[in-house]
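Subject: Structure handover

Hi,

Here is the structure we talked about. Please load it first, then read the notes below it.

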Amino acid sequence: MGVVTYDFEVTSPISPARLFKALTVESGKVFPKAAPHAVKSVELQGNGAPGNIAKINFAQGLPYQYVKHEIESHDQDNLSYSYSVIEGGPLGDKLEKISFENKFVAGADGGSVCKSLMKFYTIGDCVFTEEEIKDQIQRMDRVYKAVEAYLETNPDVCN
């Protein structure tokens, strides 16, 4: 098994606390409303604590039916959240899991920056290329931007 790491940042006009809440605590309510073209539903097994599983069911016509996340840490005070994709989605026959470490901080323009570290755990001697990584980031970014737009047009959500 190999591990490929990738750092990236996403800026947003939404405050760190509000974006964190929408993407973690309230994701089950926000994702299907913000991105109905991508997310059909979110099922949380437990209360969102470490060790709990979140299953995201995707809309018909997308390449994946669902993905399961195992929550590893959730720190609302420090606006950080870590999880691993452990089933479904992009794992296929190349990846054992994908781990994410996310931290939301204030941006210079009053919005926020989400700093992410991704770790791709490959199966055997499989190679996961930079193009495949960028494809995964683009897929996530579409939902991220849809959530951002939803929050901008619904100022009372996740306050």
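Leaving aside neighbours within four places in sequence, which residues is R18 in contact with? They are L151, N154, P155, D156, V157, C158 and N159. Bear in mind throughout that this is a predicted model.

**R18 and its helix**

R18 sits in helix α1, residues 16-23. This arginine is buried but forms no salt bridge. A salt bridge would need a side-chain nitrogen of Lys or Arg within 4 Å of a carboxyl oxygen of Asp or Glu. For R18, the nearest side chain of opposite charge is D156, and that is 7.1 Å away.

Helix α1 as a whole is largely enclosed by the rest of the structure, because six of its eight residues are buried. Those six are P16, R18, L19, F20, A22 and L23.

C158 is one of the R18 contacts. Its phi is near 65 degrees, a positive value in a residue other than glycine. C158 belongs to the segment after α3. Its relative accessibility is 9%, so C158 counts as buried; the cut-off is under 20%.

L79 also has a positive phi, about 50 degrees, and is not a glycine. You will find L79 in the loop between β4 (66-75) and β5 (80-88). L79 is buried too, with a relative accessible area of 15%.

**V113**

V113 is in strand β7, residues 112-122. At 12% relative accessibility, V113 is buried. Sequence and space part ways here: V113 and S12 are 101 residues apart in sequence, yet their C-alpha atoms are 6.3 Å apart. Not counting residues up to four places away in sequence, V113 touches E9, V10, T11, K103, F104, V105 and G107.

**The largest pocket**

How much space lies in the largest pocket? About 1100 Å³. Its lining is made up of 46 residues. Nearest the centre are F31, I56, H69, Y83 and M140. Which element gives the most to that lining? Helix α3, residues 130-153, with eight residues.

**Where to start**

I would open the view on R18, buried and without a salt bridge. Then go to the pocket centre, with H69 and Y83 among the residues nearest to it.

Best wishes

Definitions and conventions: Residues are numbered from 1 along each chain as its sequence is written. This is a predicted model: local features need pLDDT of at least 70, side-chain atom pairs count only at pLDDT 80 or more; totals for chains, interfaces and linings use all residues. Side-chain values use heavy atoms; hydrogens and water are left out. Helices (H or I, at least four residues) and strands (E, at least two) are DSSP runs, numbered from the N terminus. Buried means under 20% relative accessible area, exposed over 50%, partly exposed in between (1.4 Å probe, protein chains only). Lys and Arg count as positive and Asp and Glu as negative; His and the chain ends are not counted. Contact means heavy atoms within 4.5 Å. On a 1 Å grid over the protein atoms alone, a cavity is a set of points where a 1.4 Å probe fits but cannot get out, and a pocket is an open set with protein on both sides within 12 Å along at least five of seven lines; lining residues have an atom within 4 Å of a point. Grid points are joined across faces, edges and corners, and a volume is the space filled by probe spheres set on the points.
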